[in-house]
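This report describes selected features of the structure shown below.

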Amino acid sequence: MKETDITRAKILGVLIRDARLHANRTVSECAARVQIEAEQFNAAESGEFVLSLPHLEILALYLGVPIEHFWGTKTISKPDRTNYQELLL
């Protein structure tokens, strides 16, 4: 695989994981939905395995994200931030 393909696979993996976490789904649930093993889904999230277009379409519908999410570079989820003011109260 070319370096650009490897980079794109890693970006796609981050976006898949982001959408899964945003939808509050587990790896096992998503893997079952697209009919692959959980290990393969984990590999997809780490950029070591690329899901097919039909898999991505099913996943987008299941997770409630537009398919375009997987073509981009922006995540949906915002990282949890500790609210220190609330903790001090």
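Just after H2, glutamine 35 adopts a positive phi of about 60 degrees. The model examined here is a predicted one.

Helix H2 itself spans residues 27-34, and its buried residues are Val27, Cys30, Ala31 and Val34. These four lie on the same side of H2, because they cover an arc of only 100 degrees around the axis. The packing partners of the buried residues of H2 are helix H1 (3-22), helix H3 (38-45) and helix H4 (53-63).

One salt bridge is present in the structure. Its partners are glutamate 45 and arginine 20, whose closest N and O atoms are 2.5 Å apart. In general terms, side chains of opposite charge can pair when their charged atoms come close.

Are the two partners buried or exposed? Buried means under 20% relative accessible area. Glutamate 45 has a relative accessibility of 10% and therefore counts as buried. Arginine 20 has a relative accessibility of 9%, so that arginine 20 also counts as buried.

Arginine 20 is located in helix H1. Its side chain makes a polar contact of 2.5 Å with the side chain of glutamate 45.

Which residues are in contact with arginine 20, leaving aside its neighbours within four places in sequence? They are Arg25, Thr26, Val27, Cys30, Phe41, Glu45 and Leu63. Val27 and Cys30, both in this set of contacts, are also among the buried residues of helix H2.

Tryptophan 71 is situated in the loop between H4 and helix H5 (84-88). With a relative accessible area of 47%, tryptophan 71 is partly exposed; the range for that class runs between the 20% limit for buried and the 50% limit for exposed.

When residues up to four places away in sequence are not counted, tryptophan 71 touches Arg8, Leu53 and Leu56. Tryptophan 71 and leucine 12 are 59 residues apart along the chain, and their C-alpha atoms are separated by 7.5 Å.

Definitions and conventions: Residues are numbered from 1 along each chain as its sequence is written. This is a predicted model: local features need pLDDT of at least 70, side-chain atom pairs count only at pLDDT 80 or more; totals for chains, interfaces and linings use all residues. Side-chain values use heavy atoms; hydrogens and water are left out. Buried means under 20% relative accessible area, exposed over 50%, partly exposed in between (1.4 Å probe, protein chains only). Helices (H or I, at least four residues) and strands (E, at least two) are DSSP runs, numbered from the N terminus. The arc is that of the directions from the helix axis to the C-beta atoms. Contact means heavy atoms within 4.5 Å. A salt bridge is a side-chain nitrogen of Lys or Arg within 4 Å of a carboxyl oxygen of Asp or Glu. A polar contact is a pair of N or O atoms within 3.5 Å; within protein, one must be able to donate a hydrogen and the other to accept it, and residues adjacent in sequence count only if both atoms are side-chain atoms.
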